[in-house]
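Hi,

Here's the structure I promised to pass on. Have a look at it first, and then read my notes below.

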Amino acid sequence: MANKIETAVFAGGCFWCMVEPFDTLPGIIKVRSGYTGGHVDHPTYEQVCSHTTGHTEAVKIWFDPDKISYKDLVEIYWQVTDPTDAGGQF
């Protein structure tokens with residue numbers, strides 16, 4: 001029986017910095033950086049950095065819940081993100 005693959009999306013400051021904590025863990029299938037939210041279709045990096053699109057940098061994580069739990073992912077997320085910073089930076 002094949003394992004079920006689940007996904008999680010976490011928004012934060014710099015998505016480049018958010019990829020590394022997740023991408024080498026057992027049970028992580030893939031991590032992709034991108035944007036979430038906002039009101040501009042297909043914004044460029046420069047547009048998002050201008051803070052005029054409403055987007056936040058984010059990562060989407062595909063994972064095997066039999067090897068790593070969503071709770072584990074959330075705990076890692078809180079280690080690299082500061083919820084008191086409006087930009088979500090470290």
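First, a definition: strands (E, at least two residues) and helices (H or I, at least four) are DSSP runs, numbered from the N terminus, and two strands pair if DSSP finds at least two bridges between them. This is a predicted model, where local features need pLDDT of at least 70, side-chain atom pairs count only at pLDDT 80 or more, and totals for chains, interfaces and linings use all residues. Residues are numbered from 1 along each chain as its sequence is written, and side-chain values use heavy atoms, with hydrogens and water left out.

Now the sheet. V9 stands opposite K60 in β3. Six bridges join β1 to β3 (residues 55–63), and the two run antiparallel. The whole sheet is open, with three antiparallel strands in the order β1-β3-β2. At its edges sit β1 (6–11) and β2 (28–37), each pairing on one side only.

What about the inside? Buried means under 20% relative accessible area, with a 1.4 Å probe and protein chains only. By that cut-off, 33% of the 90 residues are buried.

Take F22: leaving aside neighbours within four places in sequence, F22 is in contact (heavy atoms within 4.5 Å) with residues including F10, I61 and L73.

Cheers

Methods. Buried means under 20% relative accessible area, exposed over 50%, partly exposed in between (1.4 Å probe, protein chains only).
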